[in-house]
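Student: I have a structure to look at and some labels to understand. Can we go through the labels together?

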Amino acid sequence: MLDLHVPSQIGSLSHLKYLNLAWNYNLKGSIPPQLGNLSKLHCLDISFNLFEGNIPSQLGNHSNFQDLYHGEYKGGALKIDDGNQCLSNLISLTHLHLSSIPNDLHTSHSWLQMIAKLPKLRELRLIDCSLSDHFILSLRPSKFNFSTCLLVFDLSWNTFTSSMILFQRVPYQIILACGCVRLSLQDLDLSGNQITGSLPDLSVFPSLKTLDLSEN
């Protein structure tokens, strides 16, 4: 099977709005920075390939970017560089899926703080990213206060062991659902973790319609 790469010439497709490269097991190499030239791009799916290197900062050029899907396939090594501010520039982003990226996300809070400030984010999925209780509880609520009315929050298949990730112990206030998110959240997925013990008072999420705690 031949190894394939995304050609840099893709950046010349000036009218491209939707690019789906997902589940191409033989796609390798880096993501070309020329994707930053696609000013009309609304949706990018680069999930489950064998890409390497960092997500190019040029993706932050897209102020009208709405959907970003990124997931690792076994053997891939695509990273979100800690100094990459592209996420904070995606002010129109409504859907963000990050899956199976265990190498970097759990070592720094900066990327999570950038996500929390996205003004239009409605769906956030952080699946199998090696996130832990310590990582979440070490955040100060003032540093992780969503500026959006998030509807879907998926933290499935991480390594959480306590339902207290929903709250900060002292003072007893919501940490993963700060501000308006507490009122807007409709779908919360904590499945596939290692959560034990009693649950906190979930009535603080008055709009919640779906709660998945399976496989804990």
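Predicted model: local features only at pLDDT ≥ 70, side-chain atom pairs only at ≥ 80, totals over all residues.

Student: Which elements have the lowest and the highest mean pLDDT?

Tutor: Strand S12, residues 173-174, has the lowest, at 46. Strand S14, residues 210-212, has the highest, at 95. Over residues 169-174 the pLDDT is below 50. Beyond near neighbours in sequence, that stretch still has 15 contacts in the model.

Student: Why is Gln9 called exposed?

Tutor: Its relative accessible area is 56%. Exposed means over 50%. The value for Gln9 passes that cut-off, so Gln9 is exposed.

Student: Where is Gln9 in the chain?

Tutor: Gln9 lies in the loop between strand S1 (4-5) and strand S2 (18-20). Its C-alpha is 7.6 Å from that of Gln34, a residue 25 positions away along the chain.

Student: Why does His109 count as partly exposed?

Tutor: His109 has 22% relative accessibility. Buried means under 20%, and exposed means over 50%. The value for His109 falls in between, so His109 is partly exposed.

Student: Where does His109 sit?

Tutor: His109 is in the loop between strand S8 (95-99) and helix H2 (110-116).

Student: How many salt bridges does the whole structure have?

Tutor: The search finds 2.

Student: What makes Arg125 and Glu123 a salt bridge?

Tutor: Their closest N and O atoms are 2.7 Å apart. The cut-off is within 4 Å. The pair meets the cut-off, so the label applies. Both Arg125 and Glu123 are buried.

Student: How do you know that Arg125 and Asp154 form a salt bridge?

Tutor: The N to O distance is 2.8 Å. That is within 4 Å, so this pair qualifies as well. The pair links distant parts of the chain. Arg125 is in strand S9 (residues 123-127), and Asp154 is in strand S10 (residues 152-154), 29 residues apart.

Student: Why is Asp154 called buried?

Tutor: Asp154 has a relative accessible area of 4%. Buried means under 20%, so Asp154 is buried.

Student: What joins Glu123, Arg125 and Asp154 into one network?

Tutor: Salt bridges that share partners join these residues. Arg125 pairs with Glu123 and also with Asp154.

Key
Residues numbered from 1 in each chain as written. Heavy atoms only, no water. pLDDT = per-residue confidence, 0-100. Helix = DSSP H or I, 4+ residues; strand = E, 2+ residues; numbered from the N terminus. Contact = heavy atoms within 4.5 Å. Buried < 20%, exposed > 50% of the residue type's maximum accessible area, 1.4 Å probe, protein only. Salt bridge = Lys/Arg side-chain N within 4 Å of Asp/Glu carboxyl O.
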